[in-house]
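The sequence and the structure are shown first.

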Amino acid sequence: MIWATFTINCEDCGWFPQGYAAGVMDAPFAYRVLVPASAQATGLPPLAGYGLLMLVSCAALFIALERLAGVGGVLVIASVLPVMYAREFYFSGVVSMVEAALWAITLLMLQKSVQHRRLLMLAIVIVGTLNRETGVFLVLLYVAVTRDWRGGVLLGAAWLAIFAGLRLLIEPARDFYTIPLIWQANTQTDMALQAIPGNVILAPVYLAAAVSWRYWGAHTRRAALVLPAYLAAVLVFGVWGETRLLLPVLVVLAEGAALTLERRRITSDTTPYHK
């Protein structure tokens, strides 16, 4: 079990969460094996390994965003990252950055005429599911944009096989969160108040994207169809104050927000993204 050997001295980690530091993980974290395995493979100390993965995934996100939505799209995401990660630079924060990068890479790949698209998408789904169970939304993103239902079924089967396989191969872990516990935490007055500032700061991005919705490209409009399902999952299973969970939403909306900020318009759905 990867967590058994990936340990550090908790006395040296300060704010680093106890469970990650001790190598004893509860569900669902025990099944999110990509980041700890990759950090361990670097041969660096755990915190340094996580830091390197954060930098690499952040760079991949920004490169893909620049190709999708121009410099404006990069600035939109970069402007809110400090708020999202002010208190959350640890394991789960790296997982969220990897997820956002995979969403951006997926959108970039789907708007290009690439060969072996299904095979490339399969690789992305595998990586995304090893990163977090929400890799299933990459499958939905693929189907929404391409309308390739047969490919979607194959990708969905791959996600299910990995999702179930991880839970069969890794010894059972107790649930760190349950839906009643999450709901209780989210609806407590102090927790609800803590969640407000981070989410309010994202409001200008949503507003900027909405202003230019008429000029969104076809790919962006189709990708946005996945967002209600993703937001519903965050609402039910997520901690509302953890705004980093909304990074995939911002990736999809980056083009629209950039259109407003840069005062550029897309005049045809045949050119879904601008440079």
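The sections below treat aromatic contacts, charged pairs and a surface patch in turn.

The model is predicted, and local features are described only where pLDDT is at least 70.

**Aromatic contacts**

Across the whole structure, a search finds 4 aromatic pairs. One of them joins tryptophan 103 and tyrosine 230: the ring centres are 5.6 Å apart and the planes stand at 70°, so the pair is edge-to-face.

The relative accessibility of phenylalanine 137 is 9%, and the residue counts as buried. Through these ring pairs, Trp103, Phe137 and Tyr230 are linked into a cluster.

A further contact involves a charge and a ring: arginine 167 lies over the face of phenylalanine 163, at 3.8 Å from the ring centre.

**Salt bridges**

Side chains of opposite charge can pair when their charged atoms come close. The count for this model comes to 4 salt bridges. The table gives details of pairs among them.

| Salt bridge | N to O distance |
|---|---|
| Glutamate 99 and arginine 132 | 2.5 Å |
| Arginine 118 and aspartate 148 | 2.9 Å |
| Arginine 244 and glutamate 242 | 2.9 Å |

Glutamate 99 and arginine 132 form a salt bridge. The pair links distant parts of the chain, with glutamate 99 in helix α5 and arginine 132 in the loop between α6 (117–131) and α7, 33 residues apart. Glutamate 99 is buried, with a relative accessible area of 5%. Arginine 132 is buried too, and its relative accessible area is 5%.

Arginine 118 and aspartate 148 meet through their side chains in a salt bridge. Here, too, distant parts of the chain are linked: arginine 118 is in helix α6 and aspartate 148 in the loop between α7 and α8 (149–169), 30 residues apart. Arginine 118 is partly exposed at a relative accessible area of 37%, whereas aspartate 148 is buried at 13%.

In the salt bridge of arginine 244 with glutamate 242, arginine 244 is buried, with a relative accessible area of 3%. Glutamate 242 has a relative accessibility of 18%; because buried means under 20%, this residue also counts as buried.

**Nonpolar surface patch**

Which residues form the nonpolar patch on the surface? The patch consists of Ile179, Leu235, Val236 and Phe237, which together have about 360 Å² of accessible area. Helix α13 (residues 227–237) gives the most to this patch, with 3 residues. Isoleucine 179 is located in helix α9 (residues 179–187). At a relative accessible area of 42%, isoleucine 179 is partly exposed.

How values were computed. Residues numbered from 1 in each chain as written. Predicted model: local features only at pLDDT ≥ 70, side-chain atom pairs only at ≥ 80, totals over all residues. Heavy atoms only, no water. Patch = residues over 30% accessible without salt bridge, like charges linked within 9 Å, V, L, I, M, F, W, Y side chains within 5 Å. Areas by Shrake-Rupley, 256 points an atom, 1.4 Å probe, with all protein chains shown as cover. Helix = DSSP H or I, 4+ residues; strand = E, 2+ residues; numbered from the N terminus. Buried < 20%, exposed > 50% of the residue type's maximum accessible area, 1.4 Å probe, protein only. Phe/Tyr/Trp six-rings, centres within 6.5 Å; stacked < 30°, edge-to-face > 60°. Lys NZ or Arg CZ within 6 Å of the ring centre and 35° of its normal.
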